[in-house]
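Please look over the sequence and the structure before reading on. The briefing below goes topic by topic.

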Amino acid sequence: MDVRLGARLAELRAERGWSLGELAERSGVSRSTLSRAERAEISLTASLLNRLCAVHGRTMSRLLSEVEAEAEPVPLVRAADQAVWEDRAAGFVRRSVSPPHAGLRGELVEGRLVAGADIAYDRPPVPGLEQHIWVLDGRLEVTDRDTAHRLDSGDCLRLRVWGPTRFRCPGPQDARYALAVVLP
């Protein structure tokens, strides 16, 4: 996955005619980190991947679906065929339950955070992105700009994302949640 993701990121940069330096300026990610990511020498964290998605105007699900070998999107996505991406360092697992599909504006993601995990995103991948966060198990703290929300199992937070967000699992158990993402 890291090799295919790195190759796709290099393609996107080349399509825009950007040098590594230009992409570094636009994303706030160092030139050396970008170079190592494109060569699959490192695995990107969720925060860094989000920054690159924002620069390229894609949701994380869309970018990850572009690196999957799926020729034609199918209406039924079997559990065994759902792409899973991990940020092991952050304790985050992301399953693309209903990946982006041509003609549809929404997607469904399952997120899992280990107790103590804390992921901050400095910007949305697409400004005004609509999110519905439904906690299935555990407890989740979500901060949207300066407003913190504490969600327990069964709670749902609905918002449009315009600025920084943070997802934190305070524990004591891991958190599992469904995230519905709708393009503006």
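Helices (H or I, at least four residues) and strands (E, at least two) are DSSP runs, numbered from the N terminus. The span of residues 9–63 is 69% helix and 0% strand, and its end C-alpha atoms lie 9 Å apart. This is a predicted model, in which local features need pLDDT of at least 70, side-chain atom pairs count only at pLDDT 80 or more, and totals for chains, interfaces and linings use all residues. Residues are numbered from 1 along each chain as its sequence is written, and side-chain values use heavy atoms, with hydrogens and water left out.

**Annotated span**

- The UniProt record, an unreviewed entry, gives residues 9–63 the annotation "domain: HTH cro/C1-type". UniProt positions are given in the numbering used here, feature names are shortened, and annotations may be inferred rather than shown by experiment.

**Sheet**

- Strands of a sheet pair through backbone hydrogen bonds, either parallel or antiparallel.
- Four strands make an open sheet in the order E4-E9-E6-E7, with antiparallel pairing; two strands pair if DSSP finds at least two bridges between them.
- E4 and strand E7 (147–152) are the edge strands, each pairing on one side only.
- From one strand to the next, the twist averages 15°; axes are lines fitted to C-alpha atoms, for helices over the stretch in contact, and angles run from 0 to 180 degrees between N-to-C directions.
- Strand E6 (residues 139–144) and E7 run antiparallel and are joined by six bridges.
- Asp-144 stands opposite Thr-147 in E7.

**Aromatic rings**

- The structure holds three aromatic pairs. Rings of Phe, Tyr and Trp (its six-membered ring) pair if their centres lie within 6.5 Å; planes under 30 degrees apart count as stacked, over 60 as edge-to-face and the rest as tilted.
- One of the pairs is Trp-85 with Phe-92, which is edge-to-face at 6.4 Å centre to centre and 75° between the planes.
- Trp-85 and Phe-92 are both buried. Buried means under 20% relative accessible area, exposed over 50%, and partly exposed in between (1.4 Å probe, protein chains only).
- Tyr-121 and Phe-167 also form an edge-to-face pair, with 6.1 Å centre to centre and 80° between the planes. Tyr-121 lies in strand E4 (residues 118–121) and Phe-167 in strand E9 (residues 165–168), so this pair ties together parts that are 46 residues apart in sequence.
- Tyr-121 is buried, as is Phe-167. Together with Tyr-177, Tyr-121 and Phe-167 form one aromatic cluster.

**Charged side chains**

- The structure holds 18 salt bridges, a salt bridge being a side-chain nitrogen of Lys or Arg within 4 Å of a carboxyl oxygen of Asp or Glu.
- Among them, Asp-118 and Arg-166 meet at 2.5 Å, N to O. Asp-118 lies in strand E4 and Arg-166 in strand E9, so the pair ties together parts that are 48 residues apart in sequence.
- Another salt bridge joins Arg-168 and Glu-141 at 2.7 Å, N to O. Arg-168 lies in strand E9 and Glu-141 in strand E6, so the pair ties together parts that are 27 residues apart in sequence.
- Arg-168 is partly exposed, with a relative accessible area of 26%, and Glu-141 is partly exposed at 25%.
- A network of salt bridges links Arg-8, Glu-11, Glu-15, Arg-58, Arg-62 and Glu-66.
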